[in-house]
Amino acid sequence: MNLFNEHLLSLLIWFPVVGGILVLATGGDRQAMAARWLALVFSVVTFVLSVPLWTGFNRSTADMQFVERSPWIERFHIEYFLGVDGISVPLVLLTTILTIVVVVAGWKVIQTRVAQYFAAFLIMEGLMIGVFCALDGILFYLFWEAMLIPMFLIVGVWGGPNRVYAAIKFFLYTLLGSLLMLVALLYLYQVSERSFDLLAFHHLPLTGGVQTLIFLAFFAAFAVKIPMVPVHTWLPDAHVEAPTGGSVILAAITLKMGAYGFLRIAMPIAPDAAHQFAPLVVGLSLLAVVYIALIALMQQDMKKLIAYSSISHMGFVTLGLFVFETRAMEGAIVQMISHGFVSGALFLCVGVLYDRLHSREIATYGGVMKVMPVFAFFMVFFAMANAGLPGTSGFVGEFLVILGTFSVNAWYAAIAALTLIVGAAYTLWMVKRVVFGEINNPKVSELKDLDRREFGVLLGMALGVLIIGIWPAPLLDVMRVSVDQLLTHLAVSKL
Amino acid sequence: MTGLSTHDFWAVAPEIYVATLACVILVIDLYVRSVRPCAAAYPLTIATLVSAGFLCLDGLFEPTETVLNGLVVRDSVSAILKSGTCFGTAAVLFYARDYAAARGLWRGEYLVLTLFGVVGMMAMIGAAHLLTLYVGIELLALCLYGMIAMERDSVRAAEAAMKYFILGALASGVLLYGMSLLYGLTGSLSLQAVSGATGTLEVNSLPLMLAISMLVVGLLFKLGAVPFHMWVPDVYDGSATSTTLYLSAVPKLAAFAILLRLLSTGLGEWIAIWQDMLLVAALGSIALGNVVAIAQSNIKRMLAYSTISNMGFLLLGFFAGTHAGYSAAMVYAVIYMVTTVAAFGVILALSRSGFESSDLNDFKGLNRRNPWLALLMLIVMFSLAGIPPTAGFFAKLMVLQAAVDAGFVAVVVASVILAVIGAFYYLRIVKLMYFDEVEEGVLTVSAHGYRRSMRWVLTVNAIGLIAVTPWIGNVMDLIGRSLMGFGLS
């Protein structure tokens with residue numbers, strides 16, 4: 001058992017990657033069923049393996065746990081250094097849960113190059129867990145960048161009509177940000193007397209000017225990933241063109257990596273610069289919250305609407321991070337997890353409709369409730385969660401962020417609270433036009449309700465949303481000590 | 001002149017071995033008549049190269065010594081680079097075989113020229129004397145001219161050979177003029193002696209600057225770096241793909257070696273003079289290579305510009321003049337060679353049966369036709385673009401680290417932004433292979449016509465670029481250790 005705990009993180013990273021390679025080895029589409037089952041087995045086992053991470057996690061310390069550390073490239077003191085704290089554990093679990101969802105959701109929809117599709121998602125899973133666990137700068141960068149390759153292929157191969165443009169835009173945008181991060185890491189390596197240890201970087205004394213530059217370089221990487229206004233334009237393209245599974249992973253997990261990067265890297269390494277740039281980040285966040293929400297209101301395409309809604313919700317996350325307040329930061333992390341479930345589920349709902357009518361246009365639908373009552377229930381439920389209805393996970397995150405922000409600056413809170421109105425407006429308006437009303441399109445009247453597979457997936461997501469919404473205490477318990485410790489660290493100037 | 005001992009000859013045994021066997025193979029090929037071309041010469045050549053590759057490794061990590069009256073140096077760097085040259089060339093011939101045979105190029109002379117080219121490169125790698133350096137450069141160049149021109153029926157090949165020859169001769173002239181000026185200033189052609197003359201010369205003297213400038217210009221030309229890159233795309237494009245593979249991949253090791261010998265051993269003390277020149281060439285190469293590659297529709301031309309930008313990165317590691325920088329540049333050269341060989345290997349596998357796959361559109365829908373080749377090419381492209389977890393990333397990482405360490409953060413930021421531009425055209429190949437479907441009416445290659453053995457070697461070659469990741473530190477250490485004693489601090 002001890003050996004298992006010592007290498008649990010490695011297992012979580014490499015098991016799905018190996019699984020992906022095995023799935024790839026099943027070959028052509030004739031063995032598609034084998035590829036599907038193999039992928040399901042690997043994703044479920046990975047999830048089961050990740051459960052001890054939650055149960056065996058010591059909630060009373062902010063130290064890294066399940067640490068693995070061994071030298072890798074000794075010449076540059078690059079280490080194979082993994083560990084998790086209260087901030088990363090929920091994200092790892094979110095990843096393992098959603099990968100199962102994605103595998104099941106793609107079961108029937110994907111009919112060409114099946115093995116490659118599932119292999120890409122399994123490899124992605126391992127790499128994403130790697131990002132959340134890596135504590136060495138280069139190891140982090142390695143996972144961060146390597147993840148682009150499967151995502152690029154997922155969008156480009158199985159995506160919609162404009163997929164090539166979207167895939168390349170996604171790749172290049174992210175690459176530019178990431179490479180600037182690499183330069184910052186190399187600089188820190190030089191300053192820190194030859195080490196890439198991220199935790200050691202936290203305690204590295206840096207002058208104000210250097211902090212500013214380093215923060216900006218990290219900001220370029222993370223702001224693109226989150227994405228923040230004005231570098232958000234890749235997201236609507238990528239989301240819209242990606243296959244359903246790709247959209248789910250993009251929205252639910254990869255966006256969180258940006259916020260995670262701020263928490264783990266940018267803010268603790270350059271705390272003074274973080275404070276210095278806080279007004280800017282908060283301003284951009286509020287801009288995202290309000291302005292992007294207004295843009296979402298005007299969308300004709302359901303996926304685009306959810307994509308803009310994601311940017312708006314991620315604005316909440318960055319707002320929560322950069323007011324430097326316990327509740328707000330906890331709220332931001334809850335919002336990250338919650339948004340993972342809610343936006344993922346909404347993309348799945350759109351996927352359900354798209355698989356039937358091959359249209360994402362809101363105008364195509366109307367009166368879906370009359371033919372698909374069960375689906376309509378889920379769609380309305382997730383729309384409510386997206387709008388922050390009390391009792392759902394969306395409420396907990398937004399409420400905590402607004403509460404925390406209010407104690408820092410009432411104006412920020414007031415503007416952020418606007419989202420409760422605009423957010424409700426665009427989601428409910430979409431639901432009204434899609435689910436309710438009269439059936440205008442003859443094709444809609446022929447729609448079949450959810451099959452068992454779709455029902456199971458959406459039910460699972462709904463349970464996640466409800467559990468966090470009604471009883472968020474376990475989630476908050478896991479992160480509390482780590483968040484407190486981070487905020488204490490941020491309060492101390494490095495100058 | 002002192003008398004030569006067997007020890008002196010033993011030190012250059014690999015060169016002697018390859019040169020002798022090249023002559024033997026030339027004769028054997030004349031007498032062995034077979035239906036298949038080069039039935040005897042080909043296996044002999046491969047055996048020669050592989051055994052020479054092992055022979056070169058003898059003496060690795062033994063103390064450095066200069067032999068043959070100061071003409072040749074034998075050290076760890078030369079052992080590794082010579083060995084790499086031999087193995088690389090063997091891989092090149094292995095990939096080139098079917099392609100060249102289909103075009104009537106697969107003759108004994110082709111193999112013999114390749115072998116003499118290898119001897120030339122070995123001479124460049126082990127040069128301790130400007131004369132050896134020059135002889136090595138010219139021997140390699142003459143073999144390359146011959147190999148390109150061998151495709152007699154092709155106008156483009158003749159044009160490429162002619163351009164390469166004339167421009168190459170011009171560059172050699174410049175190089176020679178620089179050498180003669182250096183000789184006039186220091187009174188010696190030995191690199192050690194040149195370096196020893198540091199104290200006696202004024203750094204800002206015009207003749208010295210002229211000599212160094214000319215040497216650097218000659219080297220940059222041979223390397224294909226901006227602004228002396230004009231020949232690269234035309235020669236790459238005009239030559240038969242098998243020849244392009246040879247001339248684009250393997251000589252980069254030798255090119256690194258002559259940079260190291262000349263600039264570090266010989267002119268290391270005058271780094272202030274050549275550093276800025278290399279910096280301009282490095283950034284210019286990265287910029288031009290990456291930007292112009294986007295406009296190419298021919299994969300050979302695209303890879304030519306990719307080479308230019310990669311040479312820019314190599315120079316970027318070089319110009320700092322530190323040990324870390326030289327190590328980075330050497331790792332870069334080795335990984336670049338392995339990657340390029342794999343890239344051309346895929347092109348050759350695709351274009352075997354009387355069909356050139358030099359147009360980018362020939363890659364359309366490759367994932368549909370041959371998923372395995374597409375996957376290998378995917379890895380190669382991401383390695384060239386420097387995306388982890390491929391070896392190409394670690395090469396770039398080392399180079400950038402060395403430059404940051406030397407205090408050139410702004411240069412690194414600029415080159416990184418240019419690398420993003422470069423990523424686009426590598427992505428385009430991936431896009432063609434994975435996202436696009438085969439167009440109707442376009443002649444498509446079945447891509448199953450290549451040998452099974454080639455499939456295995458290509459697999460090892462390309463997958464190795466990822467599989468080496470856990471041990472990449474050992475590669476860096478080996479190369480770093482071999483470069484002990486070079487560079488500042």
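Which residue of chain B forms a salt bridge with Arg194(A)? The points below start there.

1. The model is predicted. In it, Arg194(A) pairs with Asp405(B) in a salt bridge, and their closest N and O atoms are 2.7 Å apart. The rule finds two salt bridges across the interface of chain B and chain A. It also finds nine residue pairs in polar contact there, both residues at pLDDT 80 or more.

2. Look next at the side of chain B that touches chain A. Elements giving two or more residues to it include α15 (323-350), α18 (391-405) and α21 (472-482) of chain B. α19(B) gives the most, with 13 residues. By class, this side has 28 nonpolar, seven polar and six charged residues.

3. Now the interface as a whole. Chain B puts 41 residues into the contact, and chain A puts in 36 residues. The buried area between the chains is about 3,500 Å². Carbon and sulfur atoms give 77% of that area.

4. The largest pocket holds about 1,600 Å³ of space. It is lined by 47 residues; among those closest to its centre are Ile21(A), Ile123(A) and Leu375(B). α5(A) supplies the largest share of the lining, seven residues. The lining has 35 nonpolar, eight polar and four charged residues.

5. The second largest pocket holds about 760 Å³ of space. Of its 27 lining residues, the closest to the centre include Gly84(B), Phe87(B) and Met337(B). α4(B) gives the most to this lining, with eight residues. By class, the lining has 22 nonpolar, five polar and no charged residues.

Methods:
Residues numbered from 1 in each chain as written. Chains lettered and ligands numbered in written order. Predicted model: local features only at pLDDT ≥ 70, side-chain atom pairs only at ≥ 80, totals over all residues. Heavy atoms only, no water. Contact = heavy atoms within 4.5 Å. Buried area = accessible area lost by both parts, 1.4 Å probe. Salt bridge = Lys/Arg side-chain N within 4 Å of Asp/Glu carboxyl O. Polar contact = N/O pair within 3.5 Å; in protein donor to acceptor, adjacent residues only side chain to side chain. Helix = DSSP H or I, 4+ residues; strand = E, 2+ residues; numbered from the N terminus. Nonpolar A, V, L, I, M, F, W, Y, C, P; charged D, E, K, R; others polar. 1 Å grid on protein atoms, 1.4 Å probe; cavity = no way out; pocket = protein on both sides within 12 Å on 5 of 7 lines; lining within 4 Å. Points joined across faces, edges and corners; volume = space filled by probe spheres on them.
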